[in-house]
Amino acid sequence: MEIQEICTHDGVLLKKANSNCLVELNTTGSIHLIHSLSTNELWIEWRPNDGFLISDTDTQEQDEWSFVDTIVRRNRTTSESLIFNTNTNNITVKDTQAQTPPKQRNIRVRLRDLKSVEVLKNGLVIKLIGRVDGRLHSEYVFQHGNADNFVRSLSSTHCLQRNHRNRNVYDVVEDHNRPQDRDKLQKTFAELQIDDIKSGSGWISNMMRRPYEQTLDIFAKIADVYVATPLSPPTSSPDNPRSSPGHNASPSNAMMQSTTEDYEVLSTSPRLMGPDPESAAVANLARHAESPDTQRLPQIEVQPRGQPLSEMVWRSMINEDGSIPSEKVDLIKEKIFRGGIEEGIRAELWKFLLDYDMWASTEKQREHLRAQKRIEYYTMKSQWLRMTSVQESNFSNFRDRKCQIEKDVKRTDRTHEFFAGDDNPNLETLHELLMTYVMYNFDLGYVQGMSDLLAPILYVMQNEKDAFWCFVGFMDRVFSNFDMDQAGMKRQLHDLNRLLAFANPKLHSYFLETGSDNMYFCFRWLLVWFKREFSQDDIMRLWEVLWTGLPCINYHLFVSLAILDEETETIIGNKYEFNEILKHVNELSMRIDLDRVLAKAEAIYHQVKNAPHLTDEIRGIIGEEPMEKVQDVHTDSDDESDAVISGPTKSVEEEEKLQKKIEEALEQSMYFNFY
């Protein structure tokens, strides 16, 4: 049976199934949505890890911004290997029913044989319910918490619709259309006509060998590459009621660009593919949304930015014992949101904003906690420093992270005085902090882009252990940005697309017409929180504004909306298509007026929130309660799922015993080092 894989998700544990699959219970694998080309049917299939193809990672060249695999010797399916350009010469896709394995390994079910799909535990668990008897077919735990993303993939094929009585349940539509085309990112590869480009040195040869990762490299880092495409005029260009034509953004100070090699100019052929039927339908809806008969967003005045939080105001908020009353915490965050923080107290406030210090704690309590954190930090640091050469040679995952960190540190913010010059001790500290984070978070390890997030924190803290724990707090917020399957990034790009359709239907309609609605040109913005779009001074102000959590969750998406809103007339007026939009967005680096963007982002947020036609989908993105309130379904299986994800807790006696063993090991180690 010839099949086409539509989507794949790793880290999926089989929790429940029929008696034929008892051997595979509590086994981690991957779940796939596949399309049978011969029968034109959709199937859901779960495959255990040991049935996978081992990716030939040794053949993959590590370039400047390739994503580091976060799982040791991670298994990949055939489709993933094609995406990541690994060796698939000897791979053939066969019908699993034609094989005669000794045991049933894969679990496959036709979508039309299912009644519904249930999503539980905030996107950690899905249940497949059979159509005939209404009983549980199988249950899966998404250990990366991206079950909702898998359901979105199902929904994109028009085979699911949300149940009106229970928002956790998605009913399977019996008569659904065939699945959509491949991801638009793959369409972008086709349009670039990579095969027609001569092989050469630098990023072009990498593009040919590793198109998926190198394209993400371009999106994430390149600010001066030009890809020219002949233009196709859009069908319409209605006015934007919010944009200000003729605005020239003032350049920011202290350029923070990393050194990059020169890039070649690509020339591509005209677009051969028009928008697909679904995109055309959505475009028509977007144009209809701008008609006089439909509701518009309320007019909101742009609020001017305020002054930064001063030391005098900050000290007046603190009690004698060093604690900050809860009612004053909101005032402090509001002040920071309005104008940022004065440089002299920035390091002190960042510790609170990044959950290193607790607002309600006293000064003595904070000192005690910092002492514990100091010990914990240096314990983890000593673990990788004391790793022997034999250990390192037998730990390929550690070697890969170490090599990648060494490469990235050498090119992180080298134009800034704090990291400039050869043999800079701050670069060594940056390296040590990232290596220690590998020991702190084995599952994630190190992924390119993390050095960009750490550098400003180290600059502000000027202290190794404080910088580390603040970095941990930051990573806890953006952890999903670095998922191997990029579920977090895909979710943010999807949410940004939905917000754009609601707040700026004119631009959203134009993106649909030009095939640019995938929003990949915003990838770099979201990945490293605009680090490469603003100067050092501006990025510190922007981050502390976003860390307040005001005025809503996902406020960084409104910052993206504000930048796009400023560029609406330029993009549409010049009839840019995807490649030109990508080039234009990258060229905005260091030329964006932060205060103007923040003021407009707040205005757009209030416009969206106060819109009378606000949908539950947008409410969910901004953290508002849905209009149609439903109760979450909690079952015994949910509690069992928790036991799979959460590790066992140690008793006090076990902790003391473990600590004693550690002390004995350290004592023996020190003895043999000195005697």
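Which side chains meet Arg366 in a salt bridge, and at what N to O distance? I looked this up before anything else in the model, which is a predicted one. The partner of Arg366 is Glu363, at 3.0 Å from N to O. I found both residues in helix H10 (residues 363–385), three residues apart, which is about one turn of the helix. Arg366 has a relative accessible area of 5% and is buried. Glu363, with 31%, is partly exposed.

**Entry: other salt bridges**

I noted a count of 32 salt bridges. Arg315 pairs with Glu348, and their closest N and O atoms are 3.0 Å apart. Arg315 belongs to helix H7 (residues 311–316) and Glu348 to helix H9 (residues 346–353), so this pair ties together parts that are 33 residues apart in sequence.

I then went to Arg110, which forms a salt bridge with Asp113; the closest N and O atoms are 3.0 Å apart. Arg110 is partly exposed, with 24% relative accessibility. Asp113 is partly exposed as well, with 31%. I also recorded a network of salt bridges that links Glu5, Glu45, Arg47 and Arg108. As background, side chains of opposite charge can pair when their charged atoms come close.

**Entry: the sheet**

I traced an open sheet of nine strands with antiparallel pairing, in the order S6-S3-S2-S1-S9-S8-S7-S11-S10. Its edges are strand S6 (107–110) and strand S10 (160–162), each of which pairs on one side only. Ignoring direction, neighbouring strands of the sheet are turned by 30° against each other on average.

I looked closely at one pairing. Strand S7 (residues 114–120) runs antiparallel to strand S11 (residues 169–172), and three bridges join them. Ser116 has Asp171 as its bridge partner in S11.

**Entry: nonpolar cores**

Which residues touch the most other members of the largest nonpolar core? I found Phe521, Phe558 and Val559, in a core of 115 residues. Helix H15 (residues 464–478) gives the most to this core, namely nine residues. The core draws at least three residues from each of domain 2 (311–481) and domain 3 (487–622).

I listed the contacts of Phe558, leaving out residues up to four places away in sequence: Leu499, Cys552, Ala601, Ile604, Tyr605, Val608 and Ile622. A second, separate core has 27 residues, among them Cys7, Leu42, Ile44 and Ile107.

**Entry: backbone details**

Where does Pro551 lie? I placed Pro551 in the loop between helix H19 (536–547) and helix H20 (555–566). The peptide bond that joins Leu550 and Pro551 is cis, with omega about -5°.

I checked two residues for positive phi. Asp423 is not a glycine, yet its phi is positive, near 55°. Asp423 sits in the loop between helix H12 (396–409) and helix H13 (425–440). Phe530, also not a glycine, has a positive phi of about 65°. Phe530 sits in the loop between helix H18 (523–527) and H19.

Phe530 counts as buried, because its relative accessibility of 0% is under the 20% cut-off.

Terms used: Residues are numbered from 1 along each chain as its sequence is written. This is a predicted model: local features need pLDDT of at least 70, side-chain atom pairs count only at pLDDT 80 or more; totals for chains, interfaces and linings use all residues. Side-chain values use heavy atoms; hydrogens and water are left out. A nonpolar core is a set of buried Ala, Val, Leu, Ile, Met, Phe, Trp, Tyr and Cys residues joined through side-chain atoms within 4.5 Å. Buried means under 20% relative accessible area, exposed over 50%, partly exposed in between (1.4 Å probe, protein chains only). Helices (H or I, at least four residues) and strands (E, at least two) are DSSP runs, numbered from the N terminus. Domain bounds come from an automatic or database domain assignment. Contact means heavy atoms within 4.5 Å. Two strands pair if DSSP finds at least two bridges between them. Axes are lines fitted to C-alpha atoms, for helices over the stretch in contact, and angles run from 0 to 180 degrees between N-to-C directions. A salt bridge is a side-chain nitrogen of Lys or Arg within 4 Å of a carboxyl oxygen of Asp or Glu.
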